[in-house]
Amino acid sequence: MKFSKSLIGTLRQDPREAESKSHRILLRGGFIRQLAAGIHTYLPLGWRVLRRIEQIIREEHERIGAQELLMPAMSPSELWEKSGRWEEYGDDMFRFKDRKGRDYCLCPTHEEVVTEIARAKVRSYRDLPQSWFQIQTKFRDELRPRFGVIRSRQFIMKDSYSLDRDETGLEKSYQLHKEAYIRIFTRCGIDFEMVQASGGVMGTGQSHEFIARVDGGEATIVACSSCDYRADIEGAQTGGTFAGFEDMPVTEIHTPDVGTISEVSSFLKVPCQQLVKSIIFTAPGKKPLLMLLRGDYEINEDVVKNRFGFSYRPATRDEILAVSGVEPGFIGPTGTYSVDIYADDLLKKATGMITGANKNNYHVKGLNISRDAKVKEYFNMRVPKAGDICTQCGSPVELYNALELGQIFKLGTKYSERLGATFLDEKGAEKPVIMGSYGIGLERIMACVCEQKADERGAVWPISISPYDVYLVVLNPAEEEVSACAGRISKALTEADFSIIIDDRDISAGIKFNDSDLLGIPLRVTIGPRGIKNGKFDVSLRESGEVSAVSEDAVVKLCQDHKAALLKKLEK
RNA sequence: CGGGGCGUGGCGCAGCGGUUUAGCGCGCAUGGUUCGGGACCAUGAGGUCGUGGGUUCAAAUCCCACCGCCCCGACCA
């Protein structure tokens, strides 16, 4: 490819809208172009990267026996009504009507569609197991698209689905995908980790996320400092220490207009650990719940929802008033109103605690939870925090941000039951297909590599996904000898199976060098009058900056050696 | 949706207590000189000042509404 004829167009300055590192680099290098919030064009350079990622994904899925197909990007509402997600998905789903007024969506994911295929095609246990994948555009009307391509409304995803006859089969499919994912991210040059994930509204099946440590990643990971425990904070469980304070009789204290934990803490000059948060959860048509939690923790809403139902959410001020009769900030477990009380397990032996008195502008002190509150059950409802205790080994945990690149998930029979995807087993009994679902965000791999590998000068692509292998800088392309030499070298490199971009632009050398750095092509060969004169040409490596000068007929060999070494590094 | 910021040639910005032809840098085009880490000279093209309404003799500039984009938060298989 000749740079002079390409649609690359690097930018000298960072576009104003770009904030995160990957967004800046992708925009400046001319890899992507934004059309609207969370909607991007993949320009030739970015598209080449995505296609190479796609190819790696394809190879690794085929290696585990998965078959590629392509489902439609749009779907009629019926399927989603059957699964219950036409409602559940809410505003995150792009919806529209056809000319006859029938409802459709742009698929945010494809469980429904794939299950519909399974319903029609899978009849017998002899048809199982199956593993199907596609690489396809997904649509989600995100509340807030951000970080360029990392959280967008239209994005490319590899999604695959396994169909099995029993749990053993599912476990095998799951393991195969896990291994494929490890190979994929390794080949893409990503520094990643596998962590336990929460099922969220998908259910409670086993799930793992593949994440990359990146500043500003939107997932928070809880990691043990000494063993291998790693979990997404949404599903993480950690231990804590019991906080006991002076055992004293329960007495009321006047706390005028002092409602929040931090206000009470500074007003009474006590640590947050001595306070108990009282949080009311409500759900339409269900009994309100009162959750008790130590003041220095946040409640994990997912845990509550998974346990009591997904319609539960924290009560609004009006609901709190209706349920308890007091303002938020002063509710507590000692009142007489009709709620079921649950408490975090760290409060079980807690003594001398302070919480709302269920009376406006009053708190109580000297509370021993097990003595003074009618707790139905204790369980871990905390969002973990740094310094908590690992449940596996007892060492302290740490928290960090990460970017979620992929997730594997044991779905079970949720969709096959609802959509009627069944098969007959050896005994002729009809059973629902047992499913797994597995996703990878392609743009996130691209962005992640920028976040992890790029330096001040620009991108640094691993050779496995770089848009080109070699950047051929041609200095003074107007000089006949130079262009003839560039022609010979590019021909030789092409014949040796290198993809190359030739910077034949009639501009100053600095721009070409800077652009080659910005574009992050792993190898660079410089051809100019000086090289012609000396009979030596610079071959340099983007990542290390290492430069060697070799004669014309040694260029290809050196590039081959470099390429082999770079590929070897990606094997891990 | 709450809080904050911003919309002026392709990109980055100035102008915004009302005044005639809306500037600057980069980029782009043409010619020339240069040529190993963002050169220089000359000439030139390119703008409904986000949209709509209002105030005014006069609006990029003042007022109102709306739209869009970015950041923080809420949210997120």
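In this predicted model, strands S15 and S18 run antiparallel and are joined by 2 bridges. Thr 282 has Arg 313 in S18 as its bridge partner. Chain A, to which these strands belong, contains 16 helices and 33 strands.

- An open sheet is formed by 5 strands in the order S18-S15-S16-S19-S22, and its pairing is mixed.
- Strand S18 (313-314) and strand S22 (375-379) each have a single partner strand, so one side of each has no neighbour in the sheet.
- Strand S15 (residues 276-283) has 8 of its 8 residues buried, so the rest of the structure largely encloses it.
- In a regular strand, side chains alternate between the two faces of the sheet.
- S15 pairs with strand S16 (residues 286-294) in the antiparallel sense, over 7 bridges.
- One of the residues in this pairing is Ala 283, whose bridge partner in S16 is Lys 286.
- The hairpin of S15 and S16 has 2 residues between the strands, and Gly 285 there takes a positive phi near 75°.
- At the S22 end of the sheet, strand S19 (residues 340-344) runs parallel to S22, with 4 bridges joining them.
- Ile 341 has Val 375 in S22 as its bridge partner.

**Strands that pair with S21**

- Strand S14 (residues 251-254) and strand S21 (residues 362-367) run antiparallel and are joined by 4 bridges.
- Strand S20 (residues 353-359) also runs antiparallel to S21, joined to it by 4 bridges.
- His 363 in S21 has Ile 253 opposite it, and Gly 356 also stands opposite His 363.
- In the hairpin of S20 and S21, 2 residues lie between the strands, and Asn 361 takes a positive phi near 70°.

**The whole chain**

- Chain A has 572 residues, of which 52% count as buried.
- The C-alpha trace spans about 95 × 65 × 50 Å along its principal axes.
- Of the contacts in chain A with a separation of 6 or more, 69% are between residues 24 or more positions apart.
- The chain is divided into domain 1 (15-236 + 399-450), domain 2 (251-383) and domain 3 (470-569).
- The C-alpha centres of domain 2 and domain 3 are 67 Å apart.

**The largest pocket**

- The volume of the largest pocket is about 1,600 Å³.
- Its lining has 48 residues, and Tyr 89, Arg 140, Arg 151, Glu 404 and Gln 407 are the ones nearest the centre of the pocket.
- Elements that give two or more residues to the lining include helix H4 (85-88), strand S8 (154-164), strand S25 (397-412) and helix H12 (442-453).
- The lining is made up of 17 nonpolar, 11 polar and 20 charged residues.
- Domain 1 and domain 2 each supply at least three residues to the lining of this pocket.

**Ile 211**

- Ile 211 is placed in strand S10 (residues 207-213).
- Its relative accessibility is 0%, so Ile 211 counts as buried.
- Leaving aside neighbours within four places in sequence, the contacts of Ile 211 include Phe 192, Val 195, Ile 221, Tyr 400 and Glu 404.
- Glu 404 is also among the residues nearest the centre of the largest pocket.
- The C-alpha atoms of Ile 211 and Arg 99 are separated by 43 Å, and these residues are 112 residues apart along the chain.

**Helix H14 and Ser 516**

- The buried residues of helix H14 (residues 509-519) include Lys 512, Asp 515, Asp 517 and Leu 518.
- Ser 516 lies in this helix, and Ser 516 is buried because its relative accessible area is 3%, where the cut-off is under 20%.
- Not counting residues up to four places away in sequence, Ser 516 touches Tyr 471, Ile 521, Arg 524 and Arg 542.
- The cover over the buried residues of H14 includes helix H1 (21-28), helix H2 (44-63) and strand S29 (470-474).

Definitions and conventions. Residues numbered from 1 in each chain as written. Chains lettered and ligands numbered in written order. Predicted model: local features only at pLDDT ≥ 70, side-chain atom pairs only at ≥ 80, totals over all residues. Heavy atoms only, no water. Buried < 20%, exposed > 50% of the residue type's maximum accessible area, 1.4 Å probe, protein only. Contact = heavy atoms within 4.5 Å. 1 Å grid on protein atoms, 1.4 Å probe; cavity = no way out; pocket = protein on both sides within 12 Å on 5 of 7 lines; lining within 4 Å. Points joined across faces, edges and corners; volume = space filled by probe spheres on them. Nonpolar A, V, L, I, M, F, W, Y, C, P; charged D, E, K, R; others polar. Domains from an automatic or database assignment. Pairing = 2+ DSSP bridges.
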